[in-house]
Amino acid sequence: MVSRIIPVDEFDLVIFGATGDLAHRKILPGLYRRYVAGQIPASAQIIGAARTKQDDKAFREEARAAIREFAGKGDDLSQIDDFLNHLGYVAIDARGSDGWAELKSRIRPGVVHAFYFSVAPALFGDIAQRLAENGIADQHSRIVVEKPFGRDLATARDLNATLARHFAENQIYRIDHYLGKETVQNLMAVRFANMLFEPLWNAQYVDHVQITVAETVGVGGRGEYYDHSGAIRDMVQNHMMQLLCLIAMEPPYHFDPDAVRDEKLKVIRALEPLEPGDIVRGQYRGSPDGSDYLKDAENPDSRTESYVALKVNIANWRWTGTPFYLRTGKKLRARTSEIVVTFKAPPHSIFDESDGPRSNQLVIKLQPNEGMDLTVMIKEPGPGGMRLVQVPLDMSFADALGANGTDMPDAYERLIMDVIRGNQTLFMRGDEVEAAWAWTDPIIAEWEAGSKRPEPYDAGSSGPEEALRLLHRDNRRWREIRP
Ligand code: NAP
């Protein structure tokens, strides 16, 4: 299968925060990979901007080192010099007045203009204002903003209002890199381009859904930042909410940014408020390997959760009666992100199965390897009578799509190219973000008003015991966390 690389239009991309971690680890290596893939046009310009004083040459060497360090194992590094010729740099303090005139002089008329705000959200307003005041951005420009988009509804509204002073909603690209994953988009293809699943995709046939985002790392060097955030803000309000929406939403009338985002918004608005018994918070503590959240966060009294499990109900015709169980945490047994749709068991078995008929499961794997598994019951091969066995129909994209499967663009690459193409489908709209905060705010407020501590769990485990009970009490169990 030959993949189709469609070059994007000529563009100037300015990366504010170009000397930072995200630019080094994701944005620059991602752009390089798209360059190697032939998607970056010959005259494209990528301009780094940050306070560090340096010239184009020094920035190119910085970018070279970052690409070398963070490119994928199989990446072709032979075109780095050519790629670096597209890079420039302007020293700018987002809060100062120097550098903006130079930036303006470098931006070419008549091409796509995109401004990536890879800086702390506190600087978004300053940058937006100066881009507008200096006549660098106009009504055709696009801006890309990173998470965290607010820390509650009030701050998200402020941030939306700040950006709205200078840019229209159709110019704002709020990145959630989970939406850039191949499998996440495939979820929409599987649901809406096949007849197979959609008739079963409702409370009549789906017993429950599990969404797991498990990490093996602790809060490490981000301890102070994380301690002001916690798992609900860091993972649930954004990434997990987006996954939930794509599983639960109604078919949009067309694969069009606003049609898709309208349907996602309806799901968020249909989420029932959580009961206290439907939430489990955990913290890795006093683990045999020495890991301890309180030490990592340098806060012995911290009540911030490094793990959370939720039972979520969606109050609409399609889903009433089918719970969605969400869990995410740090220092867990394995690094994995997956969605498991468990169908109901057949109502009656004609076979002599000692443990009764078993359910089919559709496992959608996002990390570490993207792909899907559908478990089905078949007859165990051999002469031993009619014994049944559950087997996966495995659809690993790398296997199914040959070389193209292993060469899938990273989420950031795809999303940056979507910005240049002007396609907002995989970006969060302002009202979606606000609705997600409106749902999570009471959960956070209720917790902060109380005095309970998160349940402790050992590093390397599957999370706190209490989270197991969240499912046991419904006669269900979590799928094992495994790589
Ligand atoms: P970082 O490593 O701290 O980098 C911040 C960047 O901002 C640096 O290039 C810094 O360069 C620049 N900067 C700081 N103050 C500035 C100012 N006044 N004017 C102009 N530039 C300024 O942060 P990061 O990890 O790259 O994160 C950037 C954004 O992405 C944040 O919003 C973060 O939450 C978000 N994000 C990051 C990741 C990640 O994996 N790193 C993941 C998701 C979201 P100078 O010091 O040279 O000015």
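**Figure 1. Aromatic pairs in the predicted model.** The structure contains 15 aromatic pairs, a pair being two rings of Phe, Tyr or Trp (its six-membered ring) with centres within 6.5 Å. Planes under 30 degrees apart count as stacked, over 60 as edge-to-face and the rest as tilted. One of the pairs is formed by F16 and W100, which is tilted, at 5.8 Å centre to centre and with 35 degrees between the planes. Because F16 belongs to strand β1 (residues 11–16) and W100 to helix α4 (residues 100–106), the pair ties together parts that are 84 residues apart in sequence. Helices (H or I, at least four residues) and strands (E, at least two) are DSSP runs, numbered from the N terminus. F16 is buried, at a relative accessible area of 3%, and W100 also counts as buried, at 1% relative accessibility. Buried denotes under 20% relative accessible area, exposed over 50%, and partly exposed in between (1.4 Å probe, protein chains only). This is a predicted model in which local features need pLDDT of at least 70 and side-chain atom pairs count only at pLDDT 80 or more, whereas totals for chains, interfaces and linings use all residues. Residues are numbered from 1 along each chain as its sequence is written, and side-chain values use heavy atoms, with hydrogens and water left out.

**Figure 2. The aromatic pair of Y32 and F83.**

**Figure 3. Arginine charges over aromatic rings.** The charged end of R174 is placed over the ring of F149, 5.0 Å from its centre. R303 lies over the face of W447, at 5.4 Å from the ring centre. A charge sits over a ring if NZ of Lys or CZ of Arg is within 6 Å of the ring centre and within 35 degrees of the ring normal.

**Figure 4. K330 and its surroundings.** K330 is located in the loop between β10 (324–329) and β11 (336–343), and is buried with a relative accessible area of 3%. The side chains of K330 and E215 are joined by a polar contact of 2.7 Å. Such a contact is a pair of N or O atoms within 3.5 Å; within protein, one must be able to donate a hydrogen and the other to accept it, and residues adjacent in sequence count only if both atoms are side-chain atoms. Leaving aside residues up to four places away in sequence, K330 touches E215, V217, G218, V219, R222, Y226, Y284, S306 and Y457, where contact means heavy atoms within 4.5 Å. Ring pairs link Y226, Y284 and Y457, together with Y293 and Y307, into a cluster.

**Figure 5. D234 in helix α9.** Helix α9 spans residues 231–248 and includes D234. D234 counts as buried, at 4% relative accessibility. Apart from residues up to four places away in sequence, the residues that D234 touches are K147, R222, Y225, Y226, S229 and H239.

**Figure 6. The protein chain as context for the close-up views.** The secondary structure of the chain comprises 16 helices and 15 strands. Buried residues account for 54% of the 483 residues. Of the contacts in the chain with a separation of 6 or more, 76% involve residues 24 or more positions apart.
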